[in-house]
Amino acid sequence: NLTDKEYDERIRRAKDQLGTDLVIMGHHYQRDDVIRYADFTGDSLELARIAARQEQAKAIIFCGVHFMAESADILTRDDQVVILPDMKAGCSMADMADIDELEEAWEVIQEDLGDTVIPVTYVNSTAAIKAFVGRHGGTTCTSSNAKGVLDWAFSRKKRILFLPDQHLGRNTAYAMGVPLEEMAVWNQVDGEWEDVKGPMEDLRVLLWKGHCSVHTKFTVDQIKRLRERDPETKVIVHPECTFDVVQASDLDGSTSFIIKTIENAPAGSKWAVGTEVNLVQRLAETHPEQHIQLLSQTMCPCLTMNRIDRPHLLWTLESLAEGHVVNQVSVDPETTKWSKTALDRMLSIV
Ligand code: 13P
Ligand code: SF4
């Protein structure tokens, strides 16, 4: 076990040694003791754009989760390597959409609804899912650009299959004016439709039955209790929260939207924030002039994001400095081709 000072010295030494050959990226949900070493920080859309712009770096160490590192690999050149400090840093939501299940669902959808559906996947999905979407004329989205992407998709087809996050899909489509009656959920485990409220022909948004185990922990009861305690506190949540929570909140939006809203708020503003705890704590520390608290009274860390820690970062850095690439995330060429089609479409739409 190293001391804080030893970690800091060794991480900085290895980083200095690698110079411009290396870029470290960090998602906003990363721990403080990791994100402080990132050359770039951002939400998933910003990090995808930044990865696509890296000309000089030979290696990217991605402090985030597996699907984000895959996207970075897809968007960078073949001679650039992408490293995930801990391969166990997955995303439970991304794991809820399996390519075989999607192929089966697509057959049912074609039978039930014909060629009227365009697939759109949240970037929180595997490269194989992104490739499927790319091959079938669809695209990806993030929570920052979901509305623009759904507008684009509706200009192509009558219906959208949105995966894996039913909540982001439902919340975004509803905010665009699609009533709940025109949405249904595809239960990929049982292979059947759920929540069908009217005739199938009326359906416009088909939601995959996936969710984020962190954001679905926020509840309407928490909002009610908070408003009883302090009616002046504004509630701001991520759109991966459930429909009822988003409807009960004052504002909802992506990680970057939450950060920008709080950064631009006047001193004395009061916020209860429904998103990952590392980000909320950092916002509270960097804005002591405001009152910022987590919406829930209990902690809600994204456990997989938190797997990226200093020992793993140091190990990947020192290995790289010694000439060994460890924990490389590499997407095969065929999957890269089609998932890049999907990601490039997104980057050109918004
Ligand atoms: P953002 O798109 O807001 O970065 O969110 C990514 C994520 O995993 C949220 O849970
Ligand atoms: Fe996945 Fe949720 Fe963690 Fe985001 S917060 S990486 S969606 S499990």
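Analyst: Let's start with how the chain is divided: there is domain 1 (4-90 + 305-331), domain 2 (94-211) and domain 3 (215-294), with bounds that come from an automatic or database domain assignment. Keep in mind that this is a predicted model, where local features need pLDDT of at least 70, side-chain atom pairs count only at pLDDT 80 or more, and totals for chains, interfaces and linings use all residues. Residues are numbered from 1 along each chain as its sequence is written, while chains are lettered from A and ligands numbered from 1 in the order in which they are written.

Now for the ligand. Ligand 1 is surrounded by Asp43, Ser44, Asn124, Thr142, Ser143, Cys212, Glu240, Ser254 and Thr255. Sorted by class, that shell has six polar residues, two charged and one nonpolar. Here Ala, Val, Leu, Ile, Met, Phe, Trp, Tyr, Cys and Pro count as nonpolar, Asp, Glu, Lys and Arg as charged, and the others, Gly among them, as polar. Domain 2 and domain 3 both give residues to the shell, so ligand 1 lies between them.

What about domain 1 and domain 3? Their C-alpha centres lie 29 Å apart, and eight residues of domain 1 are in contact with eight residues of domain 3 (contact means that the C-beta atoms, placed from the backbone, lie within 7 Å).

Technical notes:
A residue is near a molecule or strand if its C-beta atom, placed from the backbone, lies within 6 Å of it. Two residues are in contact if their C-beta atoms, placed from the backbone, lie within 7 Å.
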